[in-house]
Amino acid sequence: MITGWKNAVKMKKKYTVPDPKFICQAFDSISPRYDLLNQVLSFGMSESWRKRSARIILSEPGFSPKSILDLGCGTGKFLECFLRSRAWEHAVGVDFSSSMLQRARETIPGNVLWLQEDFEALPFLESSFDLIISGFTLRSVQKLPEFLGTVYRVLRPGGKAAFLDLTLPPHPLARMLCYPYLRFFLPIMGWLLSGNRAAYDFLSGSVRSFPPPENTIRLMKTVGFRECDSKCFAFGAATLIIGGKSLSES
Ligand SMILES: C[S@@+](CC[C@H](N)C(=O)[O-])C[C@H]1O[C@@H](n2cnc3c(N)ncnc32)[C@H](O)[C@@H]1O
């Protein structure tokens, strides 16, 4: 029994990203209940993680972004936290799920361009945005180094990119407490409340096996990001990663 737990807590399983078609269909099918499920399954914390992330990013000294791009914007809840805080010259949300985008269009006020696109093939010119954000999407990315390279390319010199995602707490005790939640509670409740078992199996499996934030930061540095930093929420159950593009890149 103890050995089983030890193995479970190690969670060394290699991460494989599901097919994009599966991911898109999964989000299309859960879109009517996505926001409610997010709040229920995170015990109300997901919205506060988004808001705190927005506060942290926008309070960085000397950083005054005018354009923002949200990758995998879903129903627009992450972007909304930034829209509320200041006036933007350009705000764009990208997602490949038409149903998630439809909900964003219907519920998020403000002048936002909602685009149905694959965020791994972005249709933007180099240096187009001051701030690029992405919430709970890294585990859906097929080719992470290429994706981060594209984000870097589209970012203006002096701009920042920020990724908020679910992670495994680094402390073994917190990890052990998290395991039954991720392995059993999350997929079963997600299945019962959304009716889509495969979507919540994906969520549960991807959080358990996705490489830790340090790996993402290492990759970000490889593609050129500077001044990378991270902030843990709820003992590391979620992590915000921020990286900048230096002004000398102009
Ligand atoms: C977990 S949801 C996150 C939604 C939103 N960012 C939030 O904070 O709630 C992930 C979103 O990423 C989108 N997505 C995943 N892979 C994508 C891709 N390759 N291109 C565009 N959107 C993608 C999904 O359709 C889904 O809406």
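Colleague: Taking Ala, Val, Leu, Ile, Met, Phe, Trp, Tyr, Cys and Pro as nonpolar, Asp, Glu, Lys and Arg as charged, and the others, Gly among them, as polar, how do the residues of the shell around the ligand divide?
Modeller: The shell divides into 11 nonpolar, six polar and four charged residues. Please keep in mind that this is a predicted model, in which local features need pLDDT of at least 70 and side-chain atom pairs count only at pLDDT 80 or more, while totals for chains, interfaces and linings use all residues. Residues are numbered from 1 along each chain as its sequence is written.

Colleague: How many residues surround the ligand, and which are the closest?
Modeller: There are 21 residues around the ligand, and the closest are Gly-72, Gly-74, Ser-97, Gly-135 and Ser-140; a residue is near a molecule if its C-beta atom, placed from the backbone, lies within 6 Å of it.

Colleague: And which element gives the largest share of that shell?
Modeller: Helix 2 does, with four residues, and helix 2 (20-30), helix 5 and strand 2 (90-95) each supply at least two. Helices (H or I, at least four residues) and strands (E, at least two) are DSSP runs, numbered from the N terminus.

Colleague: Switching to the sheet, in what order do its strands lie?
Modeller: It is an open sheet of seven strands in the order 3-2-1-4-5-7-6, with mixed pairing, where two strands pair if DSSP finds at least two bridges between them. Strand 3 (113-116) and strand 6 (226-233) are the edge strands, each pairing on one side only.

Colleague: What joins strand 4 to strand 5?
Modeller: Strand 4 (residues 129-135) and strand 5 (residues 155-166) run parallel and are joined by six bridges; Leu-131 stands opposite Lys-160 in strand 5.

Colleague: On to the helices: how do helix 4 and helix 5 cross?
Modeller: The axes of helix 4 (residues 45-58) and helix 5 (residues 77-85) come within 9 Å and cross at roughly 45 degrees; axes are lines fitted to C-alpha atoms, for helices over the stretch in contact, and angles run from 0 to 180 degrees between N-to-C directions. That makes helix 4 oblique to helix 5, since angles under 35 degrees count as roughly parallel, over 145 as roughly antiparallel, 65 to 115 as roughly perpendicular and the rest as oblique.

Colleague: Which residues make that contact?
Modeller: Glu-47, Arg-50, Lys-51, Ala-54 and Leu-58 of helix 4 meet Lys-77, Phe-78, Cys-81, Phe-82 and Ser-85 of helix 5, a contact being a pair of residues whose C-beta atoms, placed from the backbone, lie within 7 Å. By class, the residues of this contact are five nonpolar, one polar and four charged.

Colleague: What about helix 7 and helix 10, at what angle do they cross?
Modeller: The axes of helix 7 (residues 144-154) and helix 10 (residues 213-223) cross at roughly 55 degrees and come within 9 Å, and the two helices are therefore oblique to each other. Leu-144, Pro-145, Leu-148, Gly-149 and Tyr-152 of helix 7 make the contact with Leu-219, Met-220, Thr-222 and Val-223 of helix 10, and the residues there divide into seven nonpolar, two polar and no charged.

Colleague: And how far apart are the axes of helix 3 and helix 8?
Modeller: The axes of helix 3 (residues 34-41) and helix 8 (residues 172-194) are 11 Å apart, and the helices pack at an angle of about 150 degrees. Helix 3 and helix 8 are therefore roughly antiparallel to each other.

Methods. Two residues are in contact if their C-beta atoms, placed from the backbone, lie within 7 Å. Ala, Val, Leu, Ile, Met, Phe, Trp, Tyr, Cys and Pro count as nonpolar, Asp, Glu, Lys and Arg as charged, and the others, Gly among them, as polar.
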